[in-house]
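Please look over the sequence and the fold before reading on.

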Amino acid sequence: MARIEMQADTTCGSLLRELQRIWDEVGENDAQRDRMLLQLEQECLEVYRRKVDQASYAKSSLRQALADSEAELASLVATLGDRTLILKQSEKRVGTLKEQLTAVQPQLDELRKKKDERMKQFVEVKLQIQRICTEISGSLQLSDLSSSHLSIDEEDLSLRRLDEYCAELQSLQEERGERLHQVLDYINLVHELCAVLGMDFFKTITEVHPSLDETSSSQSKSISNDTLERLAKTVLSLQHVKRQRIQKLQDLGASLIELWNLMDTPDEEQQLFQHVTCIIGVSEDEVMAPGALAIDTIEQVSHFPTFI
């Protein structure tokens with residue numbers, strides 16, 4: 001700084017002496033010389049003043065940039081909720097404004113990147129939570145789900161909060177597994193009942209929900225409250241039909257035996273209806289043979305006495 005001032009004094013002094021020689025040759029009087037020197041001094045002061053103002057503005061801008069960076073840093077630390085980051089951020093900064101601003105930038109870049117990564121984790125977990133909730137409620141098509149539907153508090157991306165969401169997701173995954181197990185159990189029951197009753201399983205199960213047919217994977221089957229309720233009603237309805245048909249065949253079987261006894265029907269003719277008479281006295285759960293309770297079987301036995 002002293003060297004710059006010395007150079008300026010030397011340069012200004014040399015120029016002033018040159019100016020004095022010119023004035024001497026021209027013949028400028030003292031009043032004119034004083035006026036021009038005053039003007040020259042004012043112009044120099046104006047140049048200095050502008051430079052000082054510019055330097056002051058640059059200083060203020062640096063201070064504001066540093067304050068903004070510190071504020072963003074504090075906000076990121078609070079958002080991520082990491083105590084080690086809090087300790088690091090609280091360290092006193094030293095050096096010039098430019099040095100301090102340069103020093104804080106790597107920390108900002110690191111925390112911004114960490115926030116983006118943490119946000120991706122939140123989105124992934126929340127999307128899975130919403131997907132399972134949607135499967136359970138059946139309120140939306142899964143294809144309609146996207147991150148735009150998510151509600152995430154960007155002011156709290158702490159690991160504690162992420163752990164809470166992960167725990168919620170695990171609970172929902174367990175519930176989803178239980179529901180899927182229920183659905184598969186119901187499907188097996190419907191399949192068994194339809195086989196015994198001689199009914200169209202595919203038509204029966206897809207009337208409950210199109211995703212329940214055997215060609216779709218387990219993961220794509222509906223597990224909604226409505227689907228479970230409709231499955232339960234379908235099973236109850238089929239079980240009711242099964243009981244009615246068992247009772248009908250048992251009554252018809254008993255009538256056949258009485259008729260055979262009266263007519264001394266040969267055993268080989270009785271064998272034709274063994275599939276009917278064998279269910280007399282058995283429990284509902286024991287009747288499992290495919291087609292054993294088909295409507296065609298009941299109609300065949302019902303028409304037999306008339307045929308005779």
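Predicted model: local features only at pLDDT ≥ 70, side-chain atom pairs only at ≥ 80, totals over all residues.

Residues are numbered from 1 along each chain as its sequence is written, and side-chain values use heavy atoms, with hydrogens and water left out.

Q: What is the mean pLDDT of the protein chain?
A: pLDDT is the predictor's confidence in each residue, from 0 to 100. In the protein chain, 82% of residues reach 70 or more. The chain mean is 83.

Q: Which helix has the lowest confidence, and which the highest?
A: Helices (H or I, at least four residues) and strands (E, at least two) are DSSP runs, numbered from the N terminus. Helix 3 (residues 83-89) is lowest, at a mean of 58. At a mean of 95, the highest is helix 5 (residues 159-197).

Q: How many helices and strands does the protein chain have?
A: From the N terminus on, the elements run α-α-α-α-α-α-α-α-α-α. The count is ten helices and zero strands.

Q: How are helix 2 and helix 4 oriented to each other?
A: Axes are lines fitted to C-alpha atoms, for helices over the stretch in contact, and angles run from 0 to 180 degrees between N-to-C directions. The axes of helix 2 (residues 30-80) and helix 4 (residues 97-137) come within 9 Å and cross at roughly 30 degrees. Angles under 35 degrees count as roughly parallel, over 145 as roughly antiparallel, 65 to 115 as roughly perpendicular and the rest as oblique. The two helices are therefore roughly parallel.

Q: Which residue classes make up the contact of helix 2 with helix 4?
A: Among the residues that meet are Leu62, Leu66 and Leu73 in helix 2, and Leu101, Val104 and Leu108 in helix 4. Ala, Val, Leu, Ile, Met, Phe, Trp, Tyr, Cys and Pro count as nonpolar, Asp, Glu, Lys and Arg as charged, and the others, Gly among them, as polar. The contact of helix 2 with helix 4 has twelve nonpolar, three polar and eight charged residues.

Q: What is the handedness of the crossing of helix 4 and helix 5?
A: The two pack at an angle of about 30 degrees, with axes 10 Å apart. That makes helix 4 roughly parallel to helix 5. A crossing is left-handed if the near helix is turned anticlockwise from the far one by less than a right angle, and right-handed if clockwise. Here the crossing is left-handed.

Q: How are helix 6 and helix 7 oriented to each other?
A: Their axes come within 9 Å and cross at roughly 140 degrees. The contact has four nonpolar, three polar and two charged residues. The pair is therefore oblique.

Q: Is isoleucine 205 buried or exposed?
A: Isoleucine 205 sits in helix 6 (residues 201-208). Not counting residues up to four places away in sequence, it touches Ile187, Val190, Leu212, Asp213 and Leu231. Buried means under 20% relative accessible area, exposed over 50%, partly exposed in between (1.4 Å probe, protein chains only). At 0% relative accessibility, isoleucine 205 is buried.

Q: How far apart are the C-alpha atoms of isoleucine 205 and threonine 234?
A: Along the chain the two are 29 residues apart. Both take part where helix 6 meets helix 7.

Q: What is the relative accessible area of arginine 230?
A: Arginine 230 is found in helix 7 (residues 225-263). It touches Glu207 and Val208, not counting residues up to four places away in sequence. Arginine 230 is partly exposed, at 35%.

Definitions and conventions: Contact = heavy atoms within 4.5 Å.
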